[in-house]
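The sequence and structure are shown below.

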Amino acid sequence: MPSTGGDAPDEAVVTYERRGPVAAVTLNRPRYRNAQNSKMTYALDAAFTRAVDDDEVKVIVLAGAGEHFCAGHDIGTPDRDVDESFERKAVIWWDHTEREGVDRRWARESEVYLGMCRRWREIPKPVIAMVHGACVAGGLMLAWCCDFIVASDDAFFADPVVRMGIPGVEYFAHPWVMNPRAAKEFLYTGERFSAEQAREWGMVNRTVPLEELESETYRIAERISAMPAFGLALTKRAVNQAEDLQGMRSGMDSVFGLHHAAHAHNAEVGGDSLAGMDARRMRDAGRSAS
Ligand code: ZN
């Protein structure tokens, strides 16, 4: 029988490993540049929960297997699972699968995108994103809800969804993780920005050569792990609350409405909430623009 592609049935889409006081959580769909489907979202959630429940774990490192951190949400692999139900964890809302239009999209995206990222931002242990290769669109959301980002010199960052007529990904942290002018350049151009540029903008903490990425990330993680766990949890909450007092949470709520106006407009005028774009078309549009 010919292969139809897709994930192997026994392949874990997220892997978990304890390394001393560090939990290594790794996105594991390297064949698809770690594109996130819902199965991966809930596997990630389970891995984070396991790390929180393990008293020996002080710090979590989130990484991507293969050549890239994460290329974004799954908008076209054989295992795209937007029509499937999962046990909802992030919000109390109805299941999306029997709904239509905005009702359907709102239910799904408030759970698996905005809700999950907010839930993970509140993990009471420090989480470091260890980023190499692509960190694009939905990949940004994952990196941004971590406490900070260590990136290798080959890493690049982009949110090209304005090409779909959509004002940025669902977890709209752009003007808070970089300055508002940088956020506009980032969004208006949809270009790939280097790790060094992202560091200058304040989005990335450190850039290191690729071969030193893991050692440097784990060096920082080990150092953090010497701090008392409850002190770290309170400190995380303190900084997160300060961000929210600067309007991040309410800003994201208001932009989520604009995001869904864009999806609805696309569906109304073109019959497709993503403006007819799939992963290949997005890639081709990016190439022809650069
Ligand atoms: Zn969306």
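## Backbone geometry and the zinc site

In this predicted model, Arg33 is found in the loop that runs between strand 2 (22–27) and helix 1 (38–53). Its phi is near 50 degrees, a positive value in a residue other than glycine. Most residues other than glycine have a negative phi. Arg33 counts as partly exposed because its relative accessibility is 28%, which falls between the cut-offs of 20% for buried and 50% for exposed.

A positive phi, about 45 degrees, also occurs at Ala137, which is not a glycine. Ala137 sits in the loop between strand 5 (134–136) and helix 3 (138–144). With a relative accessibility of 10%, Ala137 counts as buried, because buried means under 20%.

The two residues are set out below.

| Residue | Phi | Relative accessibility |
|---|---|---|
| Arg33 | near 50 degrees | 28%, partly exposed |
| Ala137 | about 45 degrees | 10%, buried |

The zinc ion is coordinated at 2.1 to 2.3 Å by Glu109 (OE), Glu109 (OE), Glu170 (OE), His259 (NE2) and His263 (NE2). Along the chain, the donors follow the spacing E-x60-E-x88-H-x3-H. Distant parts of the chain are linked by the pair Glu170 and His259, which are 89 residues apart. Glu170 belongs to the loop between strand 7 (156–158) and helix 4 (174–177), whereas His259 belongs to helix 9 (residues 248–270). Are these two zinc ligands, Glu170 and His259, buried or exposed? Both Glu170 and His259 are buried.

Methods. Residues numbered from 1 in each chain as written. Predicted model: local features only at pLDDT ≥ 70, side-chain atom pairs only at ≥ 80, totals over all residues. Heavy atoms only, no water. Helix = DSSP H or I, 4+ residues; strand = E, 2+ residues; numbered from the N terminus. Buried < 20%, exposed > 50% of the residue type's maximum accessible area, 1.4 Å probe, protein only. Donors = N, O, S within 2.8 Å, 3.2 Å for Na, K, Ca; no water.
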